[in-house]
Amino acid sequence: MRAVLGVVTAGAALAACEHTTPFDVPRQDPLGPYDTGPIVRLTFDPSEDRDPSGRDALVVYSHLNLARPDRDWCLGFLPADGGTLLQMACPGDPEPDGRADAWLQAVISPNADRIAFVHYEGRSGSISVGSRSLEVAPVAEPRSAAVVVPSGYTLPDGRYADAFRQVEWAGTDRLRFLAGTEILVRDDNLRILDTVFTPHAMVEIPVSGGAMTIVPGTDGAAFYAPVVDGLWVVRGNQLRFVPTGADSASVSFFIPGAILDLTAVDGVPILAVRITLDALVGPVRVGAEVDTATGAVSWMQFPFDVTAVRAVPNARRLLIEGFLDGGTDIWRYDLP
Amino acid sequence: MKRRWVLAAVLLATAATALEAQSAGIVRGQVTDVLNGVPVAGAEVVVGDGPARARTDTEGRYLIRDVRPGMHQVTARAVGFVALTRDSIVVSGGQITVVDFAIVPEAVALPGVEVEAQRDQLLDPRQPQVIQHILAAELRELPVTTLEEAVELQAGVVSGSFRGGRLGQDALVVDGLGIKNQLDASTGRLGLQIPIVALEEAALVTNAFSAQYGQALSGVITAVTRDGGDRLEGRVAYESDRLLPDGWDVGLDRVTAAVGGPVAGGVRFFAAADAQARIDDDPVAAPAPEDPLDPRHARPWLLPHNAGERADVLAKLTLPLGAHHEARLLGVASESQRELYDPVLKYAPGSGAAERLSGRFGLLHLRHASSPSASTSLDADLRIGYFEKEQIRGPLLEEPTSRFGAATFEAYAFAGRDLARARDTVTALHAIPGVERPEYVEGTPWGVPAFFMTTSPRGEVAWNRFREGRARLDVLLGGGLDTDLRLGGEYVRQRVETFTRLEAYLAVAEGAPAPSASGFSPYQGSAYLELQHRASDVTLTAGLRADLFDARVETAGIRSKTKFALGPRLAVSTVLGPATVVASWGRFAQPPDFQYLADAAFDDTLRTGRFRRGNPTLGFESSMQYEFQVRARPSPYVGLRIGVFVKRLDGLVASVPLGLDPDSSIFGNGDYGDVRGLEITVEREFRGDVGVRATYVMQQAEATATDARDLFRRLQIVPSGDTVIPATVQFPLDFDRRHAVIVVGRARVPRSVFALRGTEAALVGRWSSGLPYTRTNLGGDSILGLPNSNRLPPQFTLDLLLRRSVMLGGLDLGVFADVRNATGRRNLVAVRRDNGEAAPGEGIVRALAEHAYEANPYPIPYESPRYRAWADADGDGLVAGREELMPLFERAARDLTQPIFPYAAPRLVRIGVEIAF
């Protein structure tokens, strides 16, 4: 009996040992920020990276994917401080299709679970845009987006619009944006050369697609930046402040340059401006911080041309779209 | 006298054997009075409890036909004599076992007096068979775990090829009924595996087999399953390599069990199971890559996504139906499934493809044996069987979950399985759900988008099912002791269903090849007649077999027709001086694989979606074999067997161009060839404590090798504009192994060595010259030299089995160690056709890298998951330009092309425990 028990025990002991396992696929650990310091470059792709937007731990931007034959603009998701991409989602993934799609102006919702973006859809090779729509999707699944405002819409005052500019979240379930019309110009390689945007006004709309409302005092505004007690807007070279509830500006400052973008940090408007600081060098695009009391402008110079600025909510941080070495990329800048 | 020699020569040159492929053996002998040697007439000789029995004639001779192989008791009884029983008589299928009795008159009490006069089976001219047998005891004692491995121990067998023939030229006969994967035997597997613990005997016939059996050109494997015995017996064993260190452990777990015994009223049962799982189901002795970033560098032993498991179950009932009838019910079920490692998916192992194969076999065997008192015996066997084989290969819906080692205990879930089984080619025009589109993996050590994919670009869902019902009647008429007449026939009704969809992640409208499916119901029929006559030292066997088949399929408006084939077989054996000579001749035919009768779409490396047209007019493949064998016994325990053979193959299925497009082809019975061989076997019988058998085989197997692409390459357009097809040349066949030596040794520690009593060892050594292969240019599109004109290096393996058993209270307890390729030799079983090496040359690697770089020259920015800081030489946040990117592409190419499967299995060790009762 002891021998039987011995054989059974030997078998059980044999079965209890662990097997050798095959090699594991090595995990490529994500990288952290490229650099330290107040200004850190977030993207290096020689292609176009634009429209940065950030919230909490996430940065989202639009990326022209030249590796795809359909030249789609995709959405890249980065850690807030920079490093390896968390996700790159493209229209029509995983395979390129016959359309030239672009996901632009993406912004992250206050609870960081959704993004709103403008979806441009056109025929591949065409310089015209087939449609533009404002859509909302889960951060993890941009492709499962729902249309909030379709291509071609009418404002409450009857004006026709077909474009969206400076989309932002106005709460957890509302969006705001500048409504207007737009002509989009591309080169033969489908790269967007320029857009001609004619603003009507800033509007708000529930994400569920309810009634659209026009925000007073924003008629003809090219850019806007909401602050606690009102709204900074740009018309031409004028930076104006429209108090909450008012239908006209209470303050107006002249900006000595062409205003390219507007955002605000802690109530202070920050601009992207094209100016000529040095006649020999010619026009440069820089950042500009405007004193809300005097309108005095403090120039912020970077080793690239600033083409757009966007403040990260609840942080003294800017995400800057800049032009360097023939392409646009994204930097983050922590304000002092 | 001269004329007689000529006649003998003709007979010798045109010989064939009989009975080889039978599942039953013959017991014959003589019963004499021990006091005076006078033959005892009318004595009854019984094998076991019957019904196999016979009465002696006036010369005391008896003959019992259709005795099941195995160990038997044989008893002789006669009025006025003491019954005498002889135990442990080994009967082999197709062989004659001679058992003589000298019995004692009852009036004279001389217990214990027994005279044995057993003939030498090696030299007995009444045994023309050239069968290579393996009995159950050997199967247990040798380092083999499957029937296929046991067959590989025999002369002339190479990886499923018999005597140099192509794959699929063999047939399996289980308990007297043939089983053949008629769908894709040349490229696929049978799907059915008999648990080795359920085998009473296995045998291989590679020469001219009996007229009873068809559907084979080169070999017949017979397997006789065990019956339940008179008392309850069983055995359970577990074996594993878990205890062994890294590199020796391939994740094996195997359980075998068998139990059998009486039920009631003479009914006996037997059941057996064999289940095995391995984490790496195709272990190879491939060297570790040199690149330290390659994950195989540190752990080169096991491949991920290469697990496999199988389970085989057999159950059998034996029912006596009166004195002269018996029924057997046999059921076998096999399931095997395995993941298929693909180097392209090395960094996405969870998304690979897998394969599942199921086999079912049911047999009802009714046997009638005439009364032993009948002047002319008549034994009849009616067998009705059903065989089914189903196979699917495709992407998995989810990664299998292992529960014990590699065992999942559940069937893999395949994408598109229901669609495939329904052969729904309409729905299959769309992308098949669950088959993901392939993308380049980001998480490789090299980062660059090249070679390594998230899912297989083949996107293949392939399914087939083959079913057949088979009814067979065999009749044995015994005219006296020296003449047997066998006749019988068989009818087989089959059903073939196939489905193939490639690039199933794409809709056909997006460019994927169209799905293909087929379904047809062939039938086959056969009849045979065979006469064996034994006269003094000469045994003559003559048989004739007629086969027919009709695939009953229509392709491109052409309908198949019924094909006929006749197979005469002749054998003679006699004594010439100190030796026994056996000569045989036979003509054999088998229907082609039915897969070649139906259209198929298939992929190639260029993803051009080639099309292959089925040919419903394909006829029989055939062969004719001549064999001459000499048997001698240089010393009492040493036997020598020398055989030479010539096999002429004809009508082999070949792929020939369809029109002028080399990418499209049709199959025809276009190829023919010759196999010539010499087989020498020297055996020191297992007597005492040692036995050794050594076999040497020298053979040459060549055939025409028609291939659509080769044919187009050989075509020449002469200046006059005429097309000239060069003379047809025969090339070595893929399994043309010129020299092979197999040594099988068994030894047992003498009982006098008490400390090691019960220890036994078996050794199998194999050395063989290399198989042929074809060299091409670096592009792979032009053959260098002649097809198969190059040779792989020789191979050598040494397998061992050590066992220690202890008998304790009726239990046989044992531990054993089974070692394969004990020397750990790295055998090369394939090479690249472009350089003759296992690994690609630097030029090939660079060319691959260059091609991949040109396809994706884009810089890799810092934020990309593909960015590798160590490759960013200038630290500018971009891996860009040829200087920085090409090293990555080259290392990726070297990773992809590292040789893995060109190498055979490494040293494999398993340790087991067993209990038998």
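**The A–B interface and the two chains**

Across the interface of chain B and chain A the rule turns up zero salt bridges, a salt bridge being a side-chain nitrogen of Lys or Arg within 4 Å of a carboxyl oxygen of Asp or Glu. This is a predicted model, where local features need pLDDT of at least 70, side-chain atom pairs count only at pLDDT 80 or more, and totals for chains, interfaces and linings use all residues. Residues are numbered from 1 along each chain as its sequence is written, chains are lettered from A in the order in which they are written, and side-chain values use heavy atoms, with hydrogens and water left out.

Polar contacts do show up: 14 residue pairs across the interface of chain B and chain A, both partners at pLDDT 80 or more. Such a contact is a pair of N or O atoms within 3.5 Å; within protein, one must be able to donate a hydrogen and the other to accept it, and residues adjacent in sequence count only if both atoms are side-chain atoms. On the chain B side, the elements giving two or more residues are β16 (233-240), β17 (252-264), α4 (295-298), β48 (811-820) and β51 (908-916). Of these, β51(B) gives the most, with four residues. Helices (H or I, at least four residues) and strands (E, at least two) are DSSP runs, numbered from the N terminus.

The contact (heavy atoms within 4.5 Å) takes 51 residues from chain B and 39 residues from chain A. Together the chains bury about 3600 Å², 70% of it on carbon and sulfur atoms; buried area is the accessible area (1.4 Å probe) that two parts lose on being put together, summed over both. As for chain B's share, B:Arg242, B:Tyr862 and B:Glu863 supply 22% of the area it buries against chain A, more than any other three residues.

Now for the chains themselves. Chain B has eight helices and 51 strands, and 56% of its 917 residues count as buried, meaning under 20% relative accessible area, with exposed over 50% and partly exposed in between (1.4 Å probe, protein chains only). Residues 24 or more positions apart make up 70% of the chain B contacts with a separation of 6 or more.

Chain A comes to one helix and 26 strands, and 51% of its 336 residues are buried. Here, residues 24 or more positions apart account for 44% of the contacts with a separation of 6 or more. The C-alpha trace of chain A spans about 100 × 45 × 45 Å along its principal axes.
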